[in-house]
Amino acid sequence: MQDESAEEFPYRTEYKKKSIRSYVIRAGRMTEGQRRAFDTYWGQFGLSLFDGPINPSEVFGREAPLVLEIGFGMGDSLFAMAQAEPDKNFIGIEVHPPGVGRLINSAGKAGLENLRVYMADAVDVLNDCIGEGIVDRFQLYFPDPWHKKKHHKRRIVQPEFVRLICAKLRTAGLMHMATDWQNYAVHMLEVLQAEQLLENTSASNDYVARPEWRPETKFERRGQRLGHGVWDLVYRRLSGEAPAQRVASIESEVSSTYDPGGE
């Protein structure tokens, strides 16, 4: 929350000092339930950027495939996936406290044990906390399209970002992106096709039908009622070394699915 003092709400989005952050905090008041969720459940679900590299088997207390999602918005779809796939461990990264509060509130009440959350700059988390070759599925759904041409450089899907994700993926791991902006879908396709460590799972070498693991969100259905299409891209990580690298920053707002009124 940007309009509440640290005394009133002590939980803050974490980031490392840089000239350009990889997100923009949007205004939006939290409900009392979302606020209480931090006091009740953050200790159970929250991870800190400043704790450094994680060992997923220690974080979750078990060995299981790891799914990493950036920008989960209000968290409804990530919550549904964690419920539907109890055999997998899920880590979500989001910068907006209302969405984080909503997700951990739902997860806590449902007794989920396979979900953890960073409220932090996603690029910082990728650089400092997520080891190489430990992610089985990466998810980026409906990121801000920055639809004006002069703002296209702010899109998170850029070659250096995709290469960073490749370094985190296991061989044969999946990279799944979705957008309801056709222009951004074309951009995503161009960037992903150019990455030699990825192969397209589409039979037509472009887009795929919505995979069964991705729930259809209210955000998505609202767009469809307005005549918007949705494009899913799923790529598989090929064998080969992704040289270790750090992405200093990406001029991007990751979570366009954030909506103070709910997902």
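Across the whole structure, which is a predicted model, a search finds ten salt bridges. Side chains of opposite charge can pair when their charged atoms come close. The points below take up several of these pairs and then turn to the elements around them.

**Salt bridges**

- Arginine 214 and aspartate 232 meet through their side chains in a salt bridge, with an N to O distance of 2.9 Å. Because arginine 214 lies in the loop between β7 and α8 while aspartate 232 belongs to strand β8, the pair ties together parts that are 18 residues apart in sequence. Arginine 214 and aspartate 232 are both buried.
- Arginine 236 forms a salt bridge with glutamate 199, the closest N and O atoms being 3.2 Å apart. This pair links distant parts of the chain, since arginine 236 is in strand β8 and glutamate 199 is in strand β7, 37 residues apart.
- Arginine 236 is partly exposed, with a relative accessible area of 32%, and glutamate 199 also counts as partly exposed, at 33% relative accessibility.
- Glutamate 32 forms a salt bridge with arginine 35, with the closest N and O atoms 3.9 Å apart. Glutamate 32 and arginine 35 are three residues apart in helix α1 (residues 32-45), and are therefore separated by about one helical turn.
- A network of salt bridges links Glu85, Asp87, Lys88 and Arg137.

**Strand β8 and its partners**

- Six of the seven residues of β8 are buried, so the strand is largely enclosed by the rest of the structure.
- Strands β6 and β8 pair in the antiparallel sense over six bridges, and within β8 the bridge partner of alanine 178 is aspartate 232, the residue whose side chain also meets that of arginine 214 in a salt bridge.
- Strand β7 (residues 198-200) runs antiparallel to β8 and is joined to it by three bridges; here leucine 198 has arginine 237 of β8 as its bridge partner.

**Helix α8**

- In helix α8 (residues 218-225), the buried residues are Phe219, Glu220 and Gly223. They cover an arc of only 95° around the axis, which puts them on the same side of α8.
- Just after α8, glycine 227 takes a positive phi of about 90°.

- In soluble globular proteins, nonpolar side chains tend to be buried together.
- The largest nonpolar core has 43 residues, of which Tyr118, Phe138, Val157, Val162, Met175 and Met177 touch the most other members. At least two residues of this core are supplied by each of β2 (66-70), β3 (89-93), α5 (122-128), β5 (135-141), α6 (159-168), β6 (169-179), α7 (182-193) and β8 (231-237). The largest share, six residues, comes from α6.
- Leaving aside residues up to four places away in sequence, tyrosine 118 touches Trp42, Leu47, Ser48, Leu49, Ile54, Ile91, Gly92, Ile93, Glu94, Val125 and Cys129.

Definitions and conventions. Residues numbered from 1 in each chain as written. Predicted model: local features only at pLDDT ≥ 70, side-chain atom pairs only at ≥ 80, totals over all residues. Heavy atoms only, no water. Core = buried A, V, L, I, M, F, W, Y, C linked by side-chain atoms within 4.5 Å. Buried < 20%, exposed > 50% of the residue type's maximum accessible area, 1.4 Å probe, protein only. Helix = DSSP H or I, 4+ residues; strand = E, 2+ residues; numbered from the N terminus. Contact = heavy atoms within 4.5 Å. Arc of directions from axis to C-beta. Pairing = 2+ DSSP bridges. Salt bridge = Lys/Arg side-chain N within 4 Å of Asp/Glu carboxyl O.
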